[in-house]
Amino acid sequence: MIMNLKKIICAIAMLISAHGAFAQGDVYERSQTYEWPTDPLVVKKLKQWQDLKFGVLIHWGLYAVPGIVESWSICDENWITRDTTKTYDQYKAWYWGLSNTFNPTKFDPEQWASTFDKAGMKYMLFTTKHHDGFCMYDSKQTDFTIAQHAFRDNPKRDVLRYVLQAFRNKGFMVGEYYSKPDWHSQDYWWDVYPIKRGRNVNYDIKQWPWRWNRFKNFVYAQTEELLRDYGKVDILWLDGGWVCKENGQDINMPRIASRARALQPGLIIVDRTIHGPYENYQTPERTIPEQQLNYPWESCIPLSNDWGWVKNPVWKSATKVINTLVEVVAKGGNLVLGVGPTADGRIQKEAACRLDSIGQWLKRYGKAIYNTVPTPYYQEGKLWFTADKNGRQRYAIYALSDGEEMPSTLSWHTNVPKSVMLLGVNKRLKMTKTNDGKVTIKLPEGMKAEPFALQLNL
């Protein structure tokens, strides 16, 4: 009965995901419970990761060439739209053929790392392979890789190696995104059968167990080479939550995780949406939980409306991202911001400009963000509260909206301090208290119209 219930829950989650995916990327329901890891090295690294607060998720692959949503256009689910001048098979052939034109001659991982470092980001996740199966590293398990197609003569053809090193050089915690499904693999989408099962494996695993076992070994071998051949890795971020035991697509996660941790002791594993020992932190996508969560989690939200680079992107403002980061941190989570490089291998100016503004804000007010912990009373209106680890100080961050005028005073009832400092300029502010515990502070004139943070000395 319990197993049947788990299957039903998994099926419902997949259905919800399918209906929202094209408009918003691949949206997953987050797990409703959490299981703390028992490995002390993993627990230690998780706590280090929780202190970082702000990271980047880099989607880069074949989809950057035409500037379309990542991978999904080749899936046959009925919510997807694509070029109607081509049959489905013609469209897939065109998409696979992008490997022959994806030649990012301006690939500059140092520019990426510098841009995200200036943004105040502290960790990164790089897409080693999305659902389309195209590997952004020199995998020995397939020839469908950037290192063996149009980019093969470039000295940086093993893209992952250079990306990870550039970010390590900037002090980032580094992670590898890896898609469990692989729509290019004949052991997942077998051409003997039409797709007609959407994102899922398109043949009956029970009828063809040897083929599924071969796919399981393929996934194991790829994750092994990612964690064996590319230096120190902190996070293995597994996407494609429908590939799970509960959905009849068991890839033997215990075997994968055991080898992964043998190669990378203390590795954080994020088997997205699959509750259990291999979902070391949860990943609500494009959303923020309604309330605080008392375990590790990360909202993953793109800077534009899409994860990868697309033509004519609709950007979020720096203020919007800052206010999102503030809410996420006040609720106890991390924010990973999705940014996609262009087809030629650069972070475009429009993205870099917004990221620089975010970084400048964090230079002024980052003390209220980094290395903080949640406080029980974490919101009053547009004020969000965080706390330092020693319990002597709390922070109040005012989430000023785009176009909103700066207030002249602020008032609140919880987290009552003895004194208040304006961060960034370390200016002590005049404070009054009423008998009912209400605190009011007067803000300096001429402040820049942006979110701002106060240090509350208890």
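**Exercise 1. Within how many Å do the axes of helix α6 and helix α7 come, and at roughly what angle do they cross?**

This is a predicted model, in which local features need pLDDT of at least 70, side-chain atom pairs count only at pLDDT 80 or more, and totals for chains, interfaces and linings use all residues. Residues are numbered from 1 along each chain as its sequence is written, and side-chain values use heavy atoms, with hydrogens and water left out.

Step 1. Locate the helices: α6 covers residues 209-228 and α7 covers residues 253-263. Helices (H or I, at least four residues) and strands (E, at least two) are DSSP runs, numbered from the N terminus.

Step 2. Read the geometry: the two axes come within 9 Å and cross at roughly 15°. Axes are lines fitted to C-alpha atoms, for helices over the stretch in contact, and angles run from 0 to 180 degrees between N-to-C directions.

**Exercise 2. Identify the residues at which α6 and α7 meet.**

Step 1. From α6, the residues are Asn217, Val219, Tyr220, Thr223, Glu224, Leu227 and Arg228. Contact means heavy atoms within 4.5 Å.

Step 2. From α7, the partners are Arg255, Ile256, Arg259, Ala260 and Leu263.

Step 3. Sorted by class, the contact of α6 with α7 has 6 nonpolar, 2 polar and 4 charged residues (Ala, Val, Leu, Ile, Met, Phe, Trp, Tyr, Cys and Pro count as nonpolar, Asp, Glu, Lys and Arg as charged, and the others, Gly among them, as polar).

**Exercise 3. Determine the strand order and the edges of the open sheet of 6 strands.**

Step 1. The order is β8-β9-β10-β16-β12-β13, with antiparallel pairing. Two strands pair if DSSP finds at least two bridges between them.

Step 2. β8 (379-380) and β13 (427-429) are the edge strands, each pairing on one side only.

Step 3. Strand β12 (residues 419-422) is joined to β13 by 3 bridges, and Met421 stands opposite Arg428 in β13.

Step 4. Helix α8 (residues 318-330) packs on this sheet, touching β9 (383-387) and β10 (393-398).

**Exercise 4. Describe the open sheet of 3 strands.**

Step 1. Its order is β11-β15-β14, and the pairing is antiparallel.

Step 2. The edges are β11 (409-412) and β14 (431-433).

Step 3. β14 pairs with strand β15 (residues 439-442) over 3 bridges; Met431 has Ile441 in β15 as its bridge partner.
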